[in-house]
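I opened my notebook to look up a few things in one structure. Here are my entries, in the order I made them.

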Amino acid sequence: MTRVKIAVAGVGAIGRRHIELIQASAACDLVAVVDPVAADPAYLASLGVAQFSSLGELFAQQLPDGVILATPNALHVQQAIECIEAKVAALVEKPLAHSVAEGRRLAELATQAQARILVGHHRAHSPTLARARQIIGDGLLGDLVAVQGSALFYKPDTYFDAAPWRRQLGGGPILINLIHEIGNLRSLCGEVVAVQALQSNAARGFPVEDTVAISLRFANGMLGSFMLSDSAACARSWEQTSQENTDYAFYDDEDCYVISGKQGSLSVPTLRLKTYPGTEDRSWFTPFECSTAAVQPGDPLALQLEHFCAVIRGEVAPLVTVDDGLRNLIVVEAIAEAARTGALITIE
């Protein structure tokens, strides 16, 4: 297998995590880092690669096989376009863009150029989510009816002190955290076609929302409800239930999604199944057959890197396309509008 050459743009926390994974990978090599701010000399020396101040400077001297864009959101589209023009594959950290309009512009250019772009919704590479999608696809739940979801967690005061903009409009959990959940729900339940929402800032009193109640309608007719809060002392969030990021406390008795069909229900990420033995036995008087699906755990970020290398080599199509990233952004912006206006927002 040919080792691919990858550069990382953005040497912040997530950029350094990508660098660690590249260094541990048998599929790729780190060939450069890109950041306008000089990295710590000792850290840069430990990497053994050159630092460039811009993608333009990098591409003028060498063309890597791929670039990971771990830069601020506002830079994603322009830097992805630079990669397209240089015919270099790109992994663009989520969100794809800082606005739907910019995301649409990138999507059009990527389609025209047949660019190899993977959007960094790393949870899409989760073995747990893949197993859940398989269970649903195999029809074990029957026709889907409803989904109940939550992302309830408590961000410490230091989170807001470190970046005061998080207390202002645009810094709340809708625009920062919800895009992860929308990606998960779309992968499990299909396309979201309409949303409603209520928001509150009563928990912290900041100008921005801290708690949101969301209603969703999916293209297949199922309905969903979702509770989002960064100020709730609760463990029902992906981080605290999936055990995919060991930085977070873990609770194996909690789930953050319950997907129900006509034949049974699936709790995620524990993968607890409750199903009726047959269609003729469906009744709330009939006991469910209960089981837990097996899954081999894995680090989604490492699996995403492995997948990106395969995309670079032309072996597979991106699991999360530019259109997927754009769709997630469209749904999140629709929820933000619904929460702000109280209106039912239909999504084309």
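**Entry 1: one residue**

In which helix is Glu-20 found? I looked it up: Glu-20 belongs to helix α1. I noted at once that the model is a predicted one.

Next I asked: is Glu-20 buried, partly exposed or exposed? Its relative accessible area is 45%. Buried means under 20% and exposed means over 50%. Glu-20 therefore counts as partly exposed, at 45%.

I then checked for a partner. The side chain of Glu-20 makes a polar contact with the side chain of Arg-17, at 3.2 Å.

I also compared Glu-20 with Phe-308. In sequence they are 288 residues apart. In space, their C-alpha atoms are 15 Å apart.

**Entry 2: the largest pocket**

I turned to empty space. Rolling a probe the size of a water molecule over the atoms shows where such space is left.

How much space lies in the largest pocket? I wrote down about 1,700 Å³. The lining of this pocket has 46 residues. Nearest its centre are Lys-94, Ile-176, Asn-177, His-180 and Tyr-248.

I sorted the lining residues by type. I have 21 nonpolar, 14 polar and eleven charged.

Which helix gives the largest share of the lining? It is α10, with four residues. Helices that each supply at least two lining residues include α1 (13-24), α9 (178-189) and α12 (322-341).

**Entry 3: aromatic rings**

A pair of aromatic rings is described by the distance of the centres and the angle of the planes. My count came to five aromatic pairs. I wrote out two of them.

Tyr-159 and Phe-160 pair edge-to-face. Their centres are 5.1 Å apart, with 85° between the planes. Both Tyr-159 and Phe-160 are buried.

Trp-284 and Phe-285 also pair edge-to-face. Here I read 6.0 Å centre to centre and 75° between the planes. Trp-284 is exposed, and Phe-285 is exposed too.

Which residues do ring pairs link into a cluster? I found Tyr-159, Phe-160 and Phe-206.

**Entry 4: charges over rings**

Last, I looked for charged ends above rings. The charged end of Arg-16 sits over the ring of Tyr-43, 3.8 Å from the ring centre. The charged end of Arg-204 sits over the ring of Tyr-154, and there the distance to the centre is 4.6 Å.

Terms used:
Residues numbered from 1 in each chain as written. Predicted model: local features only at pLDDT ≥ 70, side-chain atom pairs only at ≥ 80, totals over all residues. Heavy atoms only, no water. 1 Å grid on protein atoms, 1.4 Å probe; cavity = no way out; pocket = protein on both sides within 12 Å on 5 of 7 lines; lining within 4 Å. Points joined across faces, edges and corners; volume = space filled by probe spheres on them. Nonpolar A, V, L, I, M, F, W, Y, C, P; charged D, E, K, R; others polar. Phe/Tyr/Trp six-rings, centres within 6.5 Å; stacked < 30°, edge-to-face > 60°. Buried < 20%, exposed > 50% of the residue type's maximum accessible area, 1.4 Å probe, protein only. Lys NZ or Arg CZ within 6 Å of the ring centre and 35° of its normal. Polar contact = N/O pair within 3.5 Å; in protein donor to acceptor, adjacent residues only side chain to side chain.
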